[in-house]
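Here are a few notes to read alongside the model. I hope they are handy when you open it in your viewer.

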Amino acid sequence: MIDVDGHKLFHHSSNTGAGQPTPVDYYVVRLWEDLQEVLPSLLEPVPADLVDHLTSDQDAWCGAGAEDAEAALDWYSSHFMYTSYLVASPRIVWWRSVTDRDMITVDWRHAAEPGLDCTVPRRGRASVSTELFLRAVEEFDRELINAMGRRITAIEARGLAPDIRLDLEQLRHEHQHRSGSLAATLRRVPATAWPAVRQGVARICTTRTQKPPPVATDLGQ
């Protein structure tokens with residue numbers, strides 16, 4: 001579960017058995033990996049004139065052709081957290097703004113039917129300071145890596161059942177590599193070509209507004 005200013009993402013609003021809200025049941029490492037995937041783009045400040053385009057007119061983006069708009073499409077998609085492994089996955093987009101204050105904003109929209117929701121509320125937006133966001137990310141990473149390390153140490157100490165095959169040396173090596181992945185991620189700085197992004201955004205928006213309206217038909221005739 002992600003808690004953003006009192007709002008809950010990856011969290012079912014109710015559980016018919018327990019009658020209480022419950023976190024989405026999925027591997028926590030999946031969230032850890034997906035957060036790191038979007039983090040470099042997320043931390044690159046978005047110019048004020050482009051912020052609204054991240055959340056407005058999703059149909060225009062989804063139906064956009066790639067001609068002369070590749071930079072804009074790549075920029076747009078890099079701010080979305082991958083959630084397709086969830087049933088009726090929510091649409092979650094993050095960005096950083098530094099115009100007034102240095103803030104991270106998350107916008108989510110979840111159009112699932114009752115019983116399949118995993119955001120509370122289903123649609124919303126919240127902002128936190130970039131400093132607090134990074135602190136939370138680092139804490140999440142530290143707690144997960146420490147928990148994984150303790151589990152590996154326990155396996156090494158007690159051994160494995162005869163019917164279980166596991167390369168403990170390789171497991172330990174992979175864990176050491178993962179331990180430094182957040183630091184490596186934070187060193188990745190996107191080199192966004194903003195003029196190309198603006199050109200692509202303008203083309204996508206222009207194409208959208210130039211589409212002819214649907215032809216009305218009289219079904220009574």
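**Notes on strands, rings and surface**

1. Strands β5 (residues 91-97) and β6 pair in the antiparallel sense over seven bridges; strands here are DSSP runs of E with at least two residues, helices are runs of H or I with at least four, both numbered from the N terminus, and pairing takes at least two DSSP bridges. A hairpin of five residues links β5 to β6, and Ile92 stands opposite Trp108 in β6.

2. This is a predicted model, in which local features need pLDDT of at least 70 and side-chain atom pairs pLDDT 80 or more, while totals for chains, interfaces and linings use all residues. Numbering starts from 1 along each chain as its sequence is written, and side-chain values use heavy atoms, leaving out hydrogens and water.

3. On its other pairing, β6 meets strand β8 (residues 123-129) through seven antiparallel bridges, with Arg109 opposite Arg123 in β8. Six of the seven residues of β6 (residues 103-109) are buried (under 20% relative accessible area; exposed is over 50%, partly exposed in between; 1.4 Å probe, protein chains only).

4. The whole structure holds three aromatic pairs (rings of Phe, Tyr and Trp, the last by its six-membered ring, with centres within 6.5 Å; planes under 30 degrees apart are stacked, over 60 edge-to-face, the rest tilted). Trp75 and Trp194 are edge-to-face because their planes lie at 75°, with ring centres 6.2 Å apart. Trp75 sits in helix α4 (residues 70-77) and Trp194 in helix α8 (residues 194-210), so the pair ties together parts 119 residues apart in sequence. Trp75 is buried at 4% relative accessible area, and Trp194 is buried at 16%.

5. Ile164, in the loop between α5 (130-158) and α6 (168-179), is partly exposed, with a relative accessible area of 45%.
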